[in-house]
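Please open the model in the viewer and keep the sequence panel beside it.

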Amino acid sequence: MGSRGTAAGNLTLAVSNTRLRSAVLPASAPTDAGTHALSANDVSVTYQSLRGKHIAVDNVSMTLRPGEFVSILGPSGCGKSTFLSVVAGLLPASGGEVSVFGETVSGPRKDIGVVFQQATLLPWLNVINNVLIPVKALRKSDRDYTQRAHELLELVGLSKFFKYYPNELSGGMQQRVGIARALIHDPNLLLMDEPFAALDAMTRERMSLELQDIWQASKKSVLFITHSIPEAVFLSDRILIMSPSPGRFVKEVVIDLPRPRTVQTMSSGEYAALCGEIRKMFDHLG
Ligand SMILES: Nc1ncnc2c1ncn2[C@@H]1O[C@H](COP(=O)(O)OP(=O)(O)O)[C@@H](O)[C@H]1O
Ligand SMILES: [Mg+2]
C-alpha cells in the first residue's frame with residue numbers, strides 16, 4: 001500500500017480478542033507484480049465534470065494472489081466501482097498502474113471476466129446464447145464453446161434452464177447466468193461489482209454459498225466489491241476496507257474462517273465477532 005494507506009492503518013481499533021488481533025493487519029505493500037493475479041500501484045482517478053474536479057480514488061495499492069478471494073468493502077460512493085473499472089481496463093487511471101498476471105492493463109482483456117450489479121442479459125437471447133455472448137465478441141466459434149457453456153450452467157445450477165429466456169428467470173437465476181457468462185472464455189481473474197446487491201436478502205445469502213462453491217471449483221482469482229459486511233466476511237480470504245470518498249484502502253482484514261463456509265458459519269460467534277469488529281472500523285472512519 002502507499003504511504004497514505006499505511007498511515008491510515010494506524011487507526012485505533014477496539015479489538016476484543018487475540019485471534020481477531022492477529023487477523024487485523026496493517027495494510028501491506030505490494031510485491032513483485034509478476035507473482036500476482038492483480039497488482040495495483042498508487043492508482044488514482046480524478047473525474048472532471050462541470051462541477052469541477054472530483055478525486056474518486058486516491059492513491060490506492062493492492063495485490064491479489066492467484067486463486068485468492070479478496071473483497072473491497074466500503075460505503076456507497078467511496079470509489080469501489082471506479083477502481084474496478086480501472087482494473088477491468090474500462091477506465092484509464094489518472095495516476096498509477098494496474099497489472100494483471102504481470103502485464104500492464106491498458107484496455108479490456110481476455111483474461112478478465114466481469115460481473116456487474118445487474119445481470120444485463122439480452123432479452124431476445126435464451127440462457128445458453130447469453131452465456132455465449134463473450135465468445136461471439138471474441139469472434140470465436142460458438143460450437144467450440146457450447147459444451148463449456150453447458151458445463152458452466154451446471155456449475156451455477158441452471159443446466160435445465162438453458163433454453164429459457166431472461167424474463168422467465170428470477171433475479172438470482174439471471175445473476176447466475178451472468179456469472180456463467182463471465183467465465184465462458186475461461187478468464188483467470190473474475191471481477192464482481194456488487195453482483196448480489198439487487199437481490200432479496202434470502203437469495204443473496206444463497207448466492208454467497210453458491211459463489212463460494214463456484215470459486216472453489218473454478219479456482220479463479222476473485223476481486224469482489226460489496227458494501228455488505230456479512231457478505232464480505234463470508235466470502236473473503238481478505239477484505240480491503242475503503243474509506244468514504246475519496247476512496248483509499250485504510251485496513252486489510254484477513255478472514256481465516258475455515259472453508260468451505262456454510263450456513264452454520266453465518267451463525268457462529270467467530271463470524272459475528274469479525275462482522276462486529278469491521279463495523280466498528282467503519283464507525284471510526286465516520
Ligand atoms: N463519470 C463520473 N463523473 C464524475 N463523477 C463520477 C463519475 N462516476 C462516479 N463519480 C463519482 O465518483 C465517486 C465514486 O463513485 P463510484 O466509484 O461509483 O462509487 P461506489 O462504487 O463506491 O459506490 C462518487 O462520488 C461518484 O459520484
Ligand atoms: Mg459501485
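**The shell around ligand 1**

The model on display is a predicted one. Of the 13 residues around the ligand, those that come nearest are Tyr47, Ala56, Lys80, Ser81 and Thr82. The largest share, three residues, is supplied by H3.

**The hairpin**

Proceed to strand S2 (residues 38-49) and strand S3 (residues 52-64), which pair in the antiparallel sense over nine bridges. Two residues separate S2 from S3, and the two strands form a hairpin. Select Tyr47 again, one of the residues that come nearest to ligand 1; the bridge partner of Tyr47 in S3 is His54.

**The nonpolar core**

Now display the largest nonpolar core, a set of 75 residues. The residues with the most contacts inside this core are Val87, Val131, Ala180, Ile184, Leu191, Leu223 and Ile241. Why does the core lie between domain 1 and domain 2? Domain 1 (3-111 + 195-285) and domain 2 (115-186) both give residues to it, so the core lies between the two domains.

Centre the view on Leu191. Leaving aside residues up to four places away in sequence, Leu191 touches Leu84, Val87, Ala88, Ile112, Val114 and Leu223. In soluble globular proteins, nonpolar side chains tend to be buried together.

**Backbone exceptions**

The remaining stops concern the backbone. Most peptide bonds are trans, and most residues other than glycine have a negative phi.

Select Ser245 and Pro246, which are joined by a cis peptide bond with omega about 0 degrees. Pro246 is placed in the loop between strand S10 (238-242) and strand S11 (249-254). Then select Arg259 and Pro260, where a cis peptide bond has omega about -5 degrees. Pro260 is situated in the loop between S11 and helix H10 (263-266).

Which positive value does phi take at Phe101? Phi of this residue is near 45 degrees. Phe101 belongs to the loop between strand S5 (95-100) and strand S6 (103-104). With 18 other C-beta atoms within 10 Å, Phe101 is partly exposed.

Finally, select Thr120, in the loop between strand S7 (112-115) and helix H4 (127-131). Phi of Thr120 is positive, near 45 degrees, and Thr120 is partly exposed, with 13 other C-beta atoms within 10 Å.

How values were computed
Residues are numbered from 1 along each chain as its sequence is written. Chains are lettered from A and ligands numbered from 1 in the order in which they are written. This is a predicted model: local features need pLDDT of at least 70, side-chain atom pairs count only at pLDDT 80 or more; totals for chains, interfaces and linings use all residues. Two strands pair if DSSP finds at least two bridges between them. Helices (H or I, at least four residues) and strands (E, at least two) are DSSP runs, numbered from the N terminus. A nonpolar core is a set of buried Ala, Val, Leu, Ile, Met, Phe, Trp, Tyr and Cys residues joined through C-beta atoms within 7 Å. A residue is buried if 20 or more other C-beta atoms lie within 10 Å of its own, exposed if 12 or fewer, and partly exposed in between; C-beta atoms are placed from the backbone. Domain bounds come from an automatic or database domain assignment. Two residues are in contact if their C-beta atoms, placed from the backbone, lie within 7 Å. A residue is near a molecule or strand if its C-beta atom, placed from the backbone, lies within 6 Å of it.
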